[in-house]
Amino acid sequence: MSYLDRFGLEGKVALVSGGGGAIGSAIAGALAAAGARVVVADVTEERAQAAAEAIRATGADVLGLGADVTQEADCERIVAATVERFGRLDIIVNAVGGGAGKVLFDAQEYPRDAWDWIMELNVRSTLLATQAAVREMIREGHGGAVVNISSVRADLGINAGYSAYVAAKGAISSLTRQWATEWAKHGIRVNAIRPTFVDTPQVAMLLGDPAFKAGIVSRIPLGRVGDTDDMTGPVVFLASDAAAFITGQVLGVDGGLTATQ
Ligand SMILES: NC(=O)c1ccc[n+]([C@@H]2O[C@H](COP(=O)([O-])OP(=O)(O)OC[C@H]3O[C@@H](n4cnc5c(N)ncnc54)[C@H](O)[C@@H]3O)[C@@H](O)[C@H]2O)c1
């Protein structure tokens, strides 16, 4: 085994929840390029199939599935389908989430339905998909890796009506540390990335406002927002054996933004 093999995912099977999305599909492609067999699950089945098709076109082995990961039965089903197709499960990446830009309200008026929706989309989706995947990893007994997507908003306020989103991402960062602590005994590592704004359709409206974008970019030392490719290397690394002694970490992928705070 060469030193660089530790950074690869040969022989591993990865499930990407939300793998049809902007960041999820880039991550799914990167996991496959690193050698993993990949399952792409998304509530919008066409997105899952499109992402799977793009990966298949590179010669990789991939399965696309429609699933609503806020539903326990769907989480069980995609894990079972993964094992049926590929025989094991080593990695889950939780890339379902977001929604912040759609429900911006003053903190003192933040409506409960918007709050519940953001918590479901971000926290419940991550919780249920991870529970199903980790039960399978524990059953298989070979350890594994969980990679969550938090946000700099877990740690930084923003004067833009983000109450529910900051709470949801705070929960994702906390659960990353909690799960790492509980599941280390099973050889399961749990980490997260914590991006600043990533140029994706979800935040296109916000970033389309030149004054808002200039304000964000002026605070990022590397002088730009992220792109989806910026997310892939950190996730592949955290999922790989090169990160074998890293667990419970929430890695800033933010162009240096939080270094300045
Ligand atoms: N875009 C950014 O600026 C940014 C910044 C920091 C963190 N993030 C986080 O990155 C993650 C991905 O964001 P994105 O920009 O790629 O969003 P996206 O909307 O492009 O992708 C999310 C995907 O999840 C799917 N999905 C939604 N609900 C689902 C459900 N119940 N079951 C299964 N699939 C479901 C959607 O169909 C979509 O394909 C989110 O957690 C988001 O909060 C994004």
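Buried denotes a relative accessible area under 20%, exposed over 50%, and partly exposed in between (1.4 Å probe, protein chains only). The model is predicted, so local features need pLDDT of at least 70 and side-chain atom pairs count only at pLDDT 80 or more, while totals for chains, interfaces and linings use all residues. Residues are numbered from 1 along each chain as its sequence is written, and side-chain values use heavy atoms, with hydrogens and water left out.

**Exercise 1. Describe the largest nonpolar core.**

Step 1. A nonpolar core is a set of buried Ala, Val, Leu, Ile, Met, Phe, Trp, Tyr and Cys residues joined through side-chain atoms within 4.5 Å.

Step 2. The largest such core has 33 residues, and those with the most contacts inside it are Leu9, Leu31, Val38, Val40 and Val93.

Step 3. Elements giving two or more residues to this core include α1 (22–33), β2 (37–42) and α8 (228–239). The largest share, 6 residues, comes from α1.

Step 4. Beyond its neighbours within four places in sequence, Val38 is in contact with residues including Val16, Leu31, Leu63 and Phe86. A second, separate core of 26 residues includes Ala41, Leu65, Val79 and Val146.

**Exercise 2. Characterise the surroundings of the ligand.**

Step 1. A residue is near a molecule or strand if one of its heavy atoms lies within 4 Å of it. The ligand is surrounded by 30 residues, the closest being Asp42, Arg47, Tyr165, Val198 and Gln202.

Step 2. Oxygen atoms of the ligand lie 2.6 Å from a polar side-chain atom of Asp42, 2.8 Å from a side-chain N or O atom of Lys169, and 2.9 Å from a backbone N or O atom of Ala22.

Step 3. Of the 820 Å² of accessible area that the ligand has on its own, the protein covers 91%; such areas come from the Shrake-Rupley method with a 1.4 Å probe, and for residues only the protein chains shown count as cover.

Methods. Helix = DSSP H or I, 4+ residues; strand = E, 2+ residues; numbered from the N terminus. Contact = heavy atoms within 4.5 Å. Polar contact = N/O pair within 3.5 Å; in protein donor to acceptor, adjacent residues only side chain to side chain.
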